[in-house]
Amino acid sequence: MQNGNGGASSLFGSKAAIEVERALTEVRAGRPMRMVSRTTTETVLSVDGLDDARLREFAALCTPSPLKLVISATRAQALGVDTDGSATITLSSTINASQIHTLVAEQGARLTLPVVVSSEPSAIVALMKLAQKLPAALVAPASSKHDTLPALNADEVATYKYELVESLAIAGEARVPLANAQLTRFVVFRDAAGNNPVAVVIGNPDTTTAVPVRIHSSCLTGDVFGSRRCDCGDQLQLAISRIEATGGGVVLYMPQEGRGLGLVNKMHAYELQDDGLDTVDANTMLGFEDDERDYGGAARMLEILGISHVDLMTNNPTKLRGLADAGITVGCRMPIEAPVNSDNRRYLTAKAKRAGHQLDYLVNALHATQRAPERVR
């Protein structure tokens, strides 16, 4: 699978990528795999979809070793554990699947079991995030009876995202006239994992100057079904109309549902929001960062399109920094102010006050409401 010089084969790709992709297949299918670090080899099982029968079978597979639970730093902090890395919890032999789920994802849970903290992020947690699973897993020391399970070197997880970015290439394109932008072309990319980010090229962008660009994370609920819980669909349509009015630009439609959590975890976060948490605390309560996205893929797509200088339509300063760090020159930020309604007001307020989004129009409206004198009846 490698050439004579030790490099990646053009037919198989790199050994690291093969191992990560095979491990991701196992994780997504709910099967155990092995994670090999410099000092240990552990058998790993995602907690997503865990029930008592699967728990008993995994415990039997790992016997006589006790099961442990690896969680992210943000989930550990939600449980009252002070760590900047990850945490490993030793589980009782009598614990059930419901109790594990409480430790992993429920609000108000507290930890009473033994825990060991790490100063470094866990490759196991990173793998779960890549698979868009909850960032937690059951682990136990691997033994010879686990030798048939796929194995992954822990060091290879960190480099995998960069390999995906480098593997991006145009896979197909065609003219797709839109209701508010007739002269539009969809340029569909594909990476080594089969992801399909899309560049929606509107009009005739002038690549010799700053090109108006919107980086838009896919939002099934907002973009397709018109959800009132967010402003995503309104922002998308507003960006298309504005780019059309300027004569040309690009919308990068990225497969980063729920700020990179994935659709299932986005629904878990919505449930926590319904119980009273805001969007920031809901994500971190599940063990994720508030925003799991990176913008290397977006920058690579722009480079392939011959665009190196952009004016970015966003309210999110992180996007500006992300593109700049990836080598794209950002000329200016173009605010994109979508309508506020009774269902998305709390979400937008949290983004402005806690995540640093520049939603001045919303903040000013809130301040005006707070300053308004009470009507005399």
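**Helix packing and a buried Asn**

Mentor: Start with H5 and H6: Ala123, Ala126, Leu127 and Leu130 in H5 meet Val157, Tyr160 and Lys161 in H6. Keep in mind that this is a predicted model.

Trainee: Switching to H4, which of its residues are buried?
Mentor: In H4, residues 97-105, the buried ones are Ala97, Ile100, Leu103, Val104 and Ala105. They sit on the same side of H4, because they cover an arc of only 160° around the axis.

Trainee: What covers them?
Mentor: The cover includes helices H2, H3, H10 and H11, plus strands S3 and S6.

Trainee: What goes on at the start of H4?
Mentor: A side-chain oxygen of Asn96 comes to within 3.2 Å of the backbone nitrogen of Ser98.

Trainee: Now Asn265. Where does that one lie?
Mentor: In H10, which spans residues 263-274.

Trainee: Is Asn265 buried or exposed?
Mentor: Buried, because its relative accessible area is 1%, and the cut-off for buried is under 20%.

Trainee: What does its side chain reach?
Mentor: The backbone oxygen of Leu261, at 3.1 Å. Leaving aside neighbours within four places in sequence, Asn265 is also in contact with Gln132, Lys133, Leu134, Leu286 and Phe288.

Conventions:
Residues numbered from 1 in each chain as written. Predicted model: local features only at pLDDT ≥ 70, side-chain atom pairs only at ≥ 80, totals over all residues. Heavy atoms only, no water. Helix = DSSP H or I, 4+ residues; strand = E, 2+ residues; numbered from the N terminus. Buried < 20%, exposed > 50% of the residue type's maximum accessible area, 1.4 Å probe, protein only. Polar contact = N/O pair within 3.5 Å; in protein donor to acceptor, adjacent residues only side chain to side chain. Contact = heavy atoms within 4.5 Å. Arc of directions from axis to C-beta.
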